[in-house]
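Trainee: Could you take me through this structure? I have not worked with it before.

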Amino acid sequence: MEEDVCRRYKQLDGPFLPGEIYFAHSEELEEQYPNLSPSERELAICREKGAVFVIGIGAALKSGMPHDGRAADYDDWSTEAEKGRKGLNGDIIVYYPLLDCAFELSSMGIRVDEKSLMRQLEIRGEQYKAELWFHRRLLNGELPLSIGGGIGQSRLCMLFLRKAHIGEVQSSVWHKEIIDACKEGNIHLL
């Protein structure tokens with residue numbers, strides 16, 4: 001798809017995404033880059049591989065810290081970690097040379113069920129959330145279980161069209177400071 005966009009819009013430099021995505025567990029990244037923060041690890045591996053699916057986000061790693069935060073009521077990040085498996089969720093992250101950053105395109109995973117929701121609420125000390133409308137319905141078996149995730153369309157447009165700000169591909173309301181900073185940087189918000 002990136003090649004098609006580049007053919008259509010000749011002003012683009014050409015494709016930069018690799019032909020394949022590299023898979024890495026967050027524990028492997030912690031071992032590979034022990035002196036880097038999680039976001040620095042993502043940037044390092046994305047610079048090296050171009051596109052990475054980072055598996056196992058949310059549960060504590062060997063260092064005791066998670067690679068990145070995940071809400072207790074979102075993906076099931078604790079079940080597999082407790083069993084010593086690779087994990088049930090992850091992010092697709094690519095290297096974006098325009099901003100020299102690791103650019104998240106998608107977050108996906110198996111959504112929580114009754115057991116994983118309660119376990120993760122306990123891990124995070126958020127048991128009070130079990131009384132909230134969504135949580136109560138999930139715990140009572142009233143909601144279907146699901147797999148979630150998808151590619152963020154605006155982020156993909158931003159990447160393919162080589163834009164520096166999401167406001168260049170989707171309209172929104174922005175604070176005056178953001179509008180002024182974008183104008184100063186020759187970024188045209190919709």
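**Overall fold and pocket**

Mentor: Let us begin with contacts, meaning heavy atoms within 4.5 Å. Among contacts in the chain between residues at least 6 apart in sequence, 60% join residues at least 24 apart.

Trainee: What kind of model is this, and how are residues numbered?

Mentor: This is a predicted model, in which local features need pLDDT of at least 70, side-chain atom pairs count only at pLDDT 80 or more, and totals for chains, interfaces and linings use all residues. Residues are numbered from 1 along each chain as its sequence is written, and side-chain values use heavy atoms, with hydrogens and water left out.

Trainee: How many helices and strands does the chain have?

Mentor: The chain has eight helices and five strands; these are DSSP runs numbered from the N terminus, helices being H or I with at least four residues and strands E with at least two. Along the sequence, the pattern is α-β-α-α-β-α-β-β-α-α-β-α-α.

Trainee: What does the C-alpha trace span?

Mentor: Along its principal axes, the C-alpha trace spans about 55 × 40 × 30 Å.

Trainee: What share of the residues is buried?

Mentor: Of the 190 residues, 37% count as buried. Buried means under 20% relative accessible area, exposed over 50%, and partly exposed in between, with a 1.4 Å probe and protein chains only.

Trainee: Turning to pockets, which residues line the largest one?

Mentor: The lining includes Leu17, Pro18, Gly19, Glu20, Ile21, Ile92, Val94 and Phe160. Strand S3 (89-96) and helix H7 (153-160) are the elements that give two or more residues to this lining. A pocket here is an open set of points on a 1 Å grid where a 1.4 Å probe fits, with protein on both sides within 12 Å along at least five of seven lines; lining residues have an atom within 4 Å of a point.

Trainee: What is its make-up by class?

Mentor: Ten lining residues are nonpolar, one is polar and one is charged.

Trainee: What is the volume of the largest pocket?

Mentor: Its volume is about 170 Å³.

Trainee: Is Arg162 buried or exposed?

Mentor: Arg162 counts as buried because its relative accessibility is 18%.

Trainee: And what about Asn186?

Mentor: Asn186, in the segment after H8, has a positive phi of about 60°. Asn186 is exposed, with a relative accessible area of 56%.

Definitions and conventions. Points joined across faces, edges and corners; volume = space filled by probe spheres on them. Nonpolar A, V, L, I, M, F, W, Y, C, P; charged D, E, K, R; others polar.
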